[in-house]
Amino acid sequence: DLGATEVLSSVVQDVGQAVSRNVGGAELLHELLGAPWLRSLLKIYECLVQFQRLTPSPFLPSASGLSYEVHTHTLTLKTHLLSSPHIQALLSAHDSVAQSDYGPVLLPLPDEHPEDEEVMRIVCLVKNNQPLGATIKRDEETGEIYIARVIHGGLADRSGLLHPGDLLVEVNGNPVVGLEPEKVIQILINSQGTILFKVIPNMYIKAMVDYCPLQDSSIPCPNAGMAFSRGDLLEVVDQSDGQWWQARKLPRAAACAGLIPSASTLKSKQREHWWCQPSQVHTCIRPCEDSLLSVTLSGFRRSFRLWRRTSARRRRQSCTSCSPGSSTLATPYEEVALYQRRPQENHRLIILIGASGVGVTELRKRLIKLNPSTFQGPVPHTSRPIRAGEQTGREYHFVTKELFEYMVCNHRFVEYGEYKGHLYGTSTDAIDEVLKRGQMCIIDVEPHIIQTLRTRKLKPYVIFIKAPSPESLKQTRRDAQIVTRYSISRAFTEEDFTELEEVSRLMEAKYKQFFDSVLVNDDLQDACMQLCSIIQQAQDKPQWLPVSWIRTDE
Ligand SMILES: Nc1ncnc2c1ncn2[C@@H]1O[C@H](COP(=O)(O)OP(=O)(O)OP(=O)(O)O)[C@@H](O)[C@H]1O
């Protein structure tokens, strides 16, 4: 039998050969497998396995009892040694292990989970002679009981599971909302052994705006401030001050929280900023702001993709005024919670976003071809006449112009437009059809459409397909063809690559708060594989979603 260390050595040797053959990623793997810490870990693992095989059993189940006997029968120097606290502690630990007494045994988790279990934390603490080390307070308006303070070094602090601001829902099965704090304290005092708390933890938010404390003259202490950008996930650990909250960034890198403006403070700052900007009447909502983005088009069928370009241009012309109540002043924070899709629920809608020519259509096509029973796109509607070889419900749903317009009036389209006198559009029903069949619906839309698709029903997962550097585009798109806005296919030019990278960069900067994942479309094969795994994770792994999409009461 080869030991794990020997297996590792032979793998390192093989990977070493791959490095010399310049195999992609081999160098990183070689470095990882050759790391001294990995070898040390494996050695420890081998020792433990060997130890387990020996199945050692204690010579005596109670060594501390024996030491007591020795102590009472002999009065030599050695007895001083035996009675020292360290040796006593060691013997006591020995006995615990010998008797397999690894307690305390915690209560089993309750069988009935509430609907909003993903935001609930169940904390089980073992009560000893110490106080809990936490204080509570009651919100007089709602009657809700919150953890007010956690005393440093106390039981609650050492557990690391209760934090100021946590909402207390139950103590040992007793609902506490609406109770007087004294009553809750009585329940705690009367509890014996273990105490089971149900708490709704601190608030988690996603930043929908950028913030830099060093540029904010109103912050009480700029050095204690925390900068964040759109899309960042933040854990709000203290909301006791109505104007300035304390928060930590997720994934939790720093233990220390920073000061951030509360939602209302940030909103009034946004409003002030908006009015200070010159000629606000002409600053328009996002999709109309720059001409580079307006040439974005995506979709499956060429005519369907081409109407988007013309419609984008028309939209730009028609947008003339905005007010601070419009989407320019978006909610600064979005409250989020972890969500795990249940098997019986519909799949989340997958939205691909990308600059025109970056490869959104190619990736979507490949994905569907790879596994058509799992991935599908919605069938678009059109008012153009059906052609030979076409079938309604396959290429398009062919409908009359009147019916199409009736559907428009009834807000049945996610997006629609006209190209060469015919109407084209993607309906919400077509998306529902795919989802109801239990398949994953993959669509690509212009970025401003994301907002309308962000609903509790669709729970969209947005993947931004990003352009690699112009050098890499040049290498990978040598044989590729771009469809121009005049519907002509031709090879990519240097200008196309520069423009593609620029549009991609602008698009990311503008919409990044809506992106759940960013995928660089460099090597096509790699990008396709990555896309598959991102989508699988989006459907099967817990994800941060707006609470309004999850909670049943909203
Ligand atoms: N990673 C890649 N490597 C090489 N060629 C690619 C890659 N991705 C896409 N292509 C090619 O680039 C061209 C443009 O891709 P595609 O049609 O998918 O772009 P798009 O983002 O859908 O833009 P549009 O909406 O303007 O059609 C196609 O010929 C496609 O095969």
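Which strands each supply at least two residues of the lining of the second largest pocket? The notes below come to this after a word on the model.

1. This is a predicted model, in which local features need pLDDT of at least 70 and side-chain atom pairs count only at pLDDT 80 or more, while totals for chains, interfaces and linings use all residues. Residues are numbered from 1 along each chain as its sequence is written, and side-chain values use heavy atoms, with hydrogens and water left out.

2. The strands asked about are β2 (134–138), β3 (145–150), β7 (203–207), β8 (233–238) and β11 (333–339); helices (H or I, at least four residues) and strands (E, at least two) are DSSP runs, numbered from the N terminus. The largest share of this lining, 5 residues, comes from β11.

3. The second largest pocket holds about 760 Å³ of space and is lined by 33 residues, of which Gly-165, Ile-200, Pro-201, Asn-202 and Met-203 lie nearest its centre. On a 1 Å grid over the protein atoms alone, a pocket is an open set of points with protein on both sides within 12 Å along at least five of seven lines, a cavity is a set of points where a 1.4 Å probe fits but cannot get out, and lining residues have an atom within 4 Å of a point. Grid points are joined across faces, edges and corners, and a volume is the space filled by probe spheres set on the points. By class, this pocket lining has 18 nonpolar, 5 polar and 10 charged residues (Ala, Val, Leu, Ile, Met, Phe, Trp, Tyr, Cys and Pro count as nonpolar, Asp, Glu, Lys and Arg as charged, and the others, Gly among them, as polar).

4. The structure also holds 2 cavities of 30 Å³ or more, and about 100 Å³ of space lies in the largest cavity. Its lining of 14 residues has Lys-206, Arg-454, Asp-516, Pro-546 and Trp-549 nearest the centre, and by class it comprises 9 nonpolar, no polar and 5 charged residues. Both β11 and β23 (543–546) supply at least two residues of this lining, with the largest share, 3 residues, coming from β23.

5. Helix α1 (residues 4–20) packs against helix α3 (residues 36–53) at an angle of about 150 degrees, with their axes 9 Å apart; axes are lines fitted to C-alpha atoms, for helices over the stretch in contact, and angles run from 0 to 180 degrees between N-to-C directions. That makes α1 roughly antiparallel to α3, a term used for angles over 145 degrees.

Conventions
Angles under 35 degrees count as roughly parallel, over 145 as roughly antiparallel, 65 to 115 as roughly perpendicular and the rest as oblique.
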